[in-house]
2 protein chains.
Amino acid sequence: MALPTTPPSGFRDFLPDQVAARARAVETITGVYRSFGFQPVATPAVEELSVLTGQGGGENEKLIFKIMKRGEAYSRALEERSDLADLGLRFDLTLPLARWYSKHGSQLSHPFKAFNLGPVWRAERAQKGRYREFTQCDVDIIGSDSWGAEVEVITAILAVFKAFGLDGVKVHLNDRRLVDQALAAASVPEDKRGHACVVVDKLDKIGRDAVIAELVASVGQAAADALVKSLLVEDGAATEPLDKIIAAVKALVPAASIAVDPSLMRGMGYYTGPVFEFRHASLSGSLGGGGRYDRLTEKFGGPSTPACGGSIGFERLMLILEETGKNGDTAAPDAVVTVFSDELRGRSLEIGAALRAKGLAIDVYPGGGKLKTQFKYADQKKAGYAIVIGPDEAGRGVMQVKALATGEEQALTLDEACALIAGKH
Amino acid sequence: MALPTTPPSGFRDFLPDQVAARARAVETITGVYRSFGFQPVATPAVEELSVLTGQGGGENEKLIFKIMKRGEAYSRALEERSDLADLGLRFDLTLPLARWYSKHGSQLSHPFKAFNLGPVWRAERAQKGRYREFTQCDVDIIGSDSWGAEVEVITAILAVFKAFGLDGVKVHLNDRRLVDQALAAASVPEDKRGHACVVVDKLDKIGRDAVIAELVASVGQAAADALVKSLLVEDGAATEPLDKIIAAVKALVPAASIAVDPSLMRGMGYYTGPVFEFRHASLSGSLGGGGRYDRLTEKFGGPSTPACGGSIGFERLMLILEETGKNGDTAAPDAVVTVFSDELRGRSLEIGAALRAKGLAIDVYPGGGKLKTQFKYADQKKAGYAIVIGPDEAGRGVMQVKALATGEEQALTLDEACALIAGKH
């Protein structure tokens with residue numbers, strides 16, 4: 001029986017143009033983050049299950065792809081009916097960063113400005129636009145309790161959007177402590193506060209009326225009324241440090257739209273102060289977000305360390321770039337050198353190498369057969385030119401260069417061909 | 001109890017300079033492969049277990065990290081005592097490419113020239129220099145039975161080594177069909193041929209005498225004598241297509257050292273024709289290799305498709321580059337802008353943004369505190385300059401720029417500072 005050719009449900013293959021676009025996006029993001037003095041960090045795809053489940057990952061912990069023990073350890077676990085899995089795929093980059101920092105912090109500058117790009121895995125129910133393997137782009141400052149950290153993280157992420165020519169990104173800003181105050185002021189019982197936040201967080205998805213109805217059902221009419229007045233309002237009061245963050249972001253990025261949104265929650269349980277989210281009119285949900293999480297490294301045995309970080313929704317960014325056509329470049333070579341005959345293949349390979357040495361991307365046709373098929377190949381690869389070296393050209397030290405867009409053909413020397421092909425760009 | 005801060009056994013964290021060096025190496029390799037007209041391919045980290053175990057991966061299949069079924073499927077499997085795992089981490093990039101090509105081939109140009117860079121996972125016993133997560137860099141031509149495919153793959157990989165300034169790479173070349181002929185000529189029984197190949201393949205590791213002793217034990221004195229004469233010789237006869245490959249590679253890369261090595265096996269069971277390996281005097285084992293594998297896509301229900309590919313040992317390459325110091329660049333910013341006081345933080349952030357707009361990598365100190373600490377931070381980050389804007393400088397519209405190597409300090413305008421810092425490179 002033939003093996004399946006489709007990737008597992010929720011996982012994706014990428015075609016050459018997509019891979020090229022994604023790689024270019026990663027380079028752009030990396031360049032912007034580096035220009036802000038953030039330094040790259042990398043951790044393994046695989047972590048100890050105890051690390052993945054022993055933290056404030058909340059809902060995400062349920063979504064861990066668990067890796068089975070191997071060899072004897074597996075047999076023993078089966079026999080003893082103990083845990084069959086010991087490792088898991090990371091479900092975000094924040095938790096691995098906290099572990100990494102706890103391990104390597106003494107070798108780093110402080111505060112430490114980190115960025116981390118890479119895939120994460122979540123065993124979510126597969127649905128349109130939701131993948132089980134997706135890329136995150138995190139940027140974090142560990143060891144600073146200054147509002148300047150929030151400003152650096154927010155402006156770095158805004159600079160990434162700008163680098164992609166993406167206009168109209170709005171920054172929603174809130175402070176988890178303001179939310180806590182509002183919950184206390186509304187006399188919401190401690191054990192119902194988490195759920196009230198989850199309900200308010202759905203504002204964007206289910207709308208104001210549905211949120212209010214759920215709040216009433218959950219915390220009662222009086223508390224719900226109070227929360228509507230404190231959390232479900234368009235603009236909140238910008239108390240410190242939000243006022244300083246807003247003023248600085250506006251000064252640094254005059255085009256930025258940034259305001260307090262009292263209903264902004266951000267799901268993760270580990271946030272302790274300001275939280276923020278990036279939204280764009282062209283899509284529901286967010287383009288990214290983040291916040292202050294001052295206690296994440298404690299679980300690794302270190303001292304309480306102030307930290308603040310943000311993340312770009314890479315898959316959503318790629319989707320917008322694709323839809324807006326800001327994703328133009330392809331994986332196409334500059335020219336394809338055809339192979340006239342197997343005897344002349346060596347000559348074609350040499351011409352290919354010579355043009356490559358001049359900085360061009362040159363594809364020598366790797367098979368045999370008719371020139372017509374080879375021209376079709378060059379067309380399919382979206383090459384600018386096709387080159388033919390037959391016995392006549394080989395004897396005269398020239399090559400036939402055909403512009404594939406116009407069909408125009410001319411016999412050129414190596415230098416002439418190089419100038420023509422390079423001039424295309 | 002504190003959570004472990006060390007990654008799982010056999011897995012690695014990377015520090016900023018290492019991440020930067022690895023990213024730069026990936027960019028170099030990508031650039032070279034693209035310059036040959038190879039197009040990027042990407043597949044998920046996770047494949048169906050049936051795909052991973054249903055192929056010619058041989059020994060590698062035993063090394064699969066298996067992922068447990070989730071939710072109800074897991075409970076059912078436990079109850080029914082059926083397979084608890086349904087997915088696995090890929091152990092190489094060749095098998096996923098064969099699946100990918102079988103799925104997407106109709107949308108591609110033919111022959112198809114692919115490259116694929118990414119991590120793979122193997123549950124090997126952890127030991128020095130052997131990792132459970134490591135990067136592979138594959139380059140493949142699918143759909144060509146011409147020796148030109150081997151030449152393109154070999155010269156592209158040689159161009160990668162050249163791009164890293166790595167001299168003295170030797171190409172060992174053999175043909176699996178010559179090995180088969182030698183085994184038949186030596187009258188080695190069919191069921192002992194695989195083992196005889198495994199023994200000969202150890203030549204590099206255990207030496208000639210040990211190989212001969214093992215051969216005698218395995219196939220008897222007469223057959224061993226014959227194999228010693230046919231396989232354990234320095235130079236083999238270059239019969240077609242090896243002669244054409246050697247001539248073309250020498251013509252294209254005059255500095256290349258390439259010769260037939262009758263003892264070269266390459267482990268993977270799926271090779272069907274020419275095989276090759278790249279070696280360097282500075283390390284035992286290989287820097288990479290590959291060969292022709294004409295039947296790999298058949299298992300996915302497609303027609304028999306000729307294919308040829310090679311791979312660079314990325315981790316070994318990084319090791320050599322590190323040892324030879326060809327790995328110099330760091331993740332350092334051009335300058336660190338210090339923060340004189342929280343009142344003047346906004347000014348520092350603005351200067352940072354202004355210098356960044358001129359193309360510099362500028363780190364604004366993200367914390368608070370003494371300037372002395374901030375200068376130390378700039379030193380640790382290997383920045384070229386530290387910038388101070390106190391009340392006096394802010395009033396005069398200048399900044400103090402200190403060259404960290406010399407300690408020299410001067411008050412400069414934005415343009416002057418920009419010119420000084422940019423001139424550093």
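Q: What should I know about the model and its numbering before I start?
A: The model is predicted, so local features need pLDDT of at least 70 and side-chain atom pairs count only at pLDDT 80 or more, while totals for chains, interfaces and linings use all residues. Residues are numbered from 1 along each chain as its sequence is written, with chains lettered from A and ligands numbered from 1 in the order in which they are written.

Q: OK, how many residues of chain A are in contact with chain B?
A: 89 residues of chain A are in contact with 89 residues of chain B. Contact means that C-beta atoms, placed from the backbone, lie within 7 Å.

Q: Which helix gives the most on the chain A side?
A: Helix α1 (residues 16–35) of chain A, with seven residues. Helices are DSSP runs of H or I with at least four residues, strands are runs of E with at least two, and both are numbered from the N terminus.

Q: And how do the residues on that side divide?
A: Into 48 nonpolar, 23 polar and 18 charged. Ala, Val, Leu, Ile, Met, Phe, Trp, Tyr, Cys and Pro count as nonpolar, Asp, Glu, Lys and Arg as charged, and the others, Gly among them, as polar.

Q: Switching to chain B, at what angle do α7 and α9 cross?
A: Helix α7 (residues 190–201) of chain B and helix α9 (residues 208–219) of chain B cross at roughly 170°, and their axes come within 9 Å. The two helices are therefore roughly antiparallel, a label for angles over 145 degrees.

Q: Which residues make that contact?
A: Among them are His195(B) and Val199(B) of α7(B), and Leu215(B) and Ser218(B) of α9(B). The residues of this contact divide into six nonpolar, two polar and two charged.

Q: New topic: is strand β11 of chain B buried or exposed?
A: Seven of the seven residues of β11 (residues 307–313) of chain B are buried, so the strand is largely enclosed by the rest of the structure. Buried means 20 or more other C-beta atoms within 10 Å of the residue's own, with C-beta atoms placed from the backbone.

Q: Which residues point which way?
A: Ala307(B), Gly309(B), Ser311(B) and Gly313(B) point one way, and Cys308(B), Gly310(B) and Ile312(B) the other way.

Q: How many bridges join β6 to β11(B)?
A: Seven bridges join strand β6 (residues 133–142) of chain B to β11(B), and the two run antiparallel. Asp138(B) has Ser311(B) as its bridge partner.

Q: What about β10?
A: Five bridges join strand β10 (residues 288–292) of chain B to β11(B), also antiparallel. There, Arg292(B) stands opposite Cys308(B).

Definitions and conventions: Axes fitted to C-alpha atoms, helices over the stretch in contact; angles between N-to-C directions. Parallel < 35°, antiparallel > 145°, perpendicular 65-115°, else oblique. Contact = placed C-beta atoms within 7 Å. Buried ≥ 20, exposed ≤ 12 C-beta atoms within 10 Å, placed from the backbone. Pairing = 2+ DSSP bridges.
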